[in-house]
Number of protein chains: 2
Amino acid sequence: MSENNAASATGQAPVPGTPDAYRQFLSDLLGVIAYGELSAFERMSSDARFSPSLRDRAALGRLAVREYDNFERVTARLESMGVNAEDAMAPFQQSVDAFHDRTRPADWHESLMKFYVTDAISDDFYAALGSLLDPESAELIASLQDAGSEAPGEVLFVRLQESLKDDPRLASRLALWGRRLVGEALTQRQRVVSERSLPQGRDAVLSREEFDARIRELFSQLTRNHSRRMSLLGLTA
Amino acid sequence: MSENNAASATGQAPVPGTPDAYRQFLSDLLGVIAYGELSAFERMSSDARFSPSLRDRAALGRLAVREYDNFERVTARLESMGVNAEDAMAPFQQSVDAFHDRTRPADWHESLMKFYVTDAISDDFYAALGSLLDPESAELIASLQDAGSEAPGEVLFVRLQESLKDDPRLASRLALWGRRLVGEALTQRQRVVSERSLPQGRDAVLSREEFDARIRELFSQLTRNHSRRMSLLGLTA
């Protein structure tokens, strides 16, 4: 067990703005990201089996493998900090599992939509964190993000567009599902942020009010970006 | 659609021992391997979620990702032959799916055992095919096989050993499960071999009798190897 966790176990919370507080913040952040990626890998590869074609199965499988690669890179960073990756992930297991249990896709299209919506929210969330991190961690987080035509977001977007074109009635169902997903995703993230030490960035000593304001701002941004993405698919957010 | 499949569609079976027959043989072989790897990836990563610890989840996930990498390498070889990978896999989908449906693990230990048994049988099966293949294909097939301490077979063996040590009653249940698995695995492979053109290797023109004798020999070998592996775990085959 790392020193870090030993400190938590004895109830000695690190003082905000200190190296210990940053270490705890980073360990929490990488822990929740790692567990999120591992879970996304498992859920996505399970759902892949219900794809309408072998081509879709292979494509969704490839996206799942990418999540696993991200998981391994994030846990490697934790281990290099001397933090046990399982200890870092454990506090977030329940809330991430609850999110997945509350958003079980009823079919293949809902599954595509789920990964499209949640991957994009993760990317926005990661992008917002950049300024709080040391350069090495910032670079790692940036590299997890979606980019290029082979990127999960782009692959999922194109496939969803095709499906919506083939079946116009799908639009209202997926619009409803998208609203449900974004609600659940933001609720889960809000819970994580408020329960853990996630406010404390590298040098940040924020008052409760400042912190709450920043979080409100972040969540409105996430919601606006989600609406824009739904519009691009021709769906009402 | 490839020329190859166009020929099958018009009912013109290739003549044994000709380049067309070899091409059909290789397309079938790579097709069944590719579909087997894709299915193993999906099943293994789904089962990973039920692992007793995050460490086990990560380890099983890593093995699943390896299956996906194999899948991509085999389909790349099919595409480089001008064969559509989906067309090559399609004939084997039903029998591989039936195998998995008939061998649904009841828990984590049965899941470990399933991948341990079936991966090993695949490796034996691949090894037996080497002499029938052109050098490039032989090299590809050899590279899919289990080797080293990071190899799936070794990882699964060590984890099964640990579990059996912790819970001696598990042995009789897993021994029974092992017998069921090997029976189903061999039945599925036998069905594939006898339905398709798999007897025809690079230069082989075998009579039905010669072919049947070779297959009997291969299957006894697979069964003997399985028994030896069960013994290594302290299980009665």
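**Aromatic rings in a predicted model**

Both Y116(B) and F157(B) are buried. The model discussed here is predicted.

Student: What describes a pair of aromatic rings?

Tutor: A pair of aromatic rings is described by how far apart the centres are and by the angle between the planes. Rings count as a pair if their centres lie within 6.5 Å. By this rule, 9 aromatic pairs are found over all chains. In one of them, Y22(B) and F25(B), the ring centres are 5.8 Å apart and the planes stand at 35°, so the pair is tilted.

Student: Where in chain B do Y22(B) and F25(B) lie?

Tutor: Both belong to helix 2 (residues 19-48) of chain B, and they are 3 residues apart, about one turn of the helix.

Student: Is F25(B) buried or exposed?

Tutor: F25(B) has a relative accessible area of 0% and is buried. Y22(B), at 11% relative accessibility, also counts as buried.

Student: How are the planes of Y116(B) and F157(B) arranged?

Tutor: Their planes are at 40° and their ring centres 6.1 Å apart, so this pair is tilted. The pair links distant parts of the chain, with Y116(B) in helix 5 (residues 108-129) of chain B and F157(B) in helix 7 (residues 152-166) of chain B, 41 residues apart.

Student: Which residues form one aromatic cluster?

Tutor: The cluster consists of F41(A), Y68(A), F71(A), F41(B), Y68(B) and F71(B).

Student: Which ring does the charged end of R189(A) sit over?

Tutor: The charged end of R189(A) is placed over the ring of F125(A), 5.3 Å from its centre. In chain B, R189(B) lies over the face of F125(B), at 5.2 Å from the ring centre.

Technical notes:
Residues are numbered from 1 along each chain as its sequence is written. Chains are lettered from A and ligands numbered from 1 in the order in which they are written. This is a predicted model: local features need pLDDT of at least 70, side-chain atom pairs count only at pLDDT 80 or more; totals for chains, interfaces and linings use all residues. Side-chain values use heavy atoms; hydrogens and water are left out. Rings of Phe, Tyr and Trp (its six-membered ring) pair if their centres lie within 6.5 Å; planes under 30 degrees apart count as stacked, over 60 as edge-to-face and the rest as tilted. Helices (H or I, at least four residues) and strands (E, at least two) are DSSP runs, numbered from the N terminus. Buried means under 20% relative accessible area, exposed over 50%, partly exposed in between (1.4 Å probe, protein chains only). A charge sits over a ring if NZ of Lys or CZ of Arg is within 6 Å of the ring centre and within 35 degrees of the ring normal.
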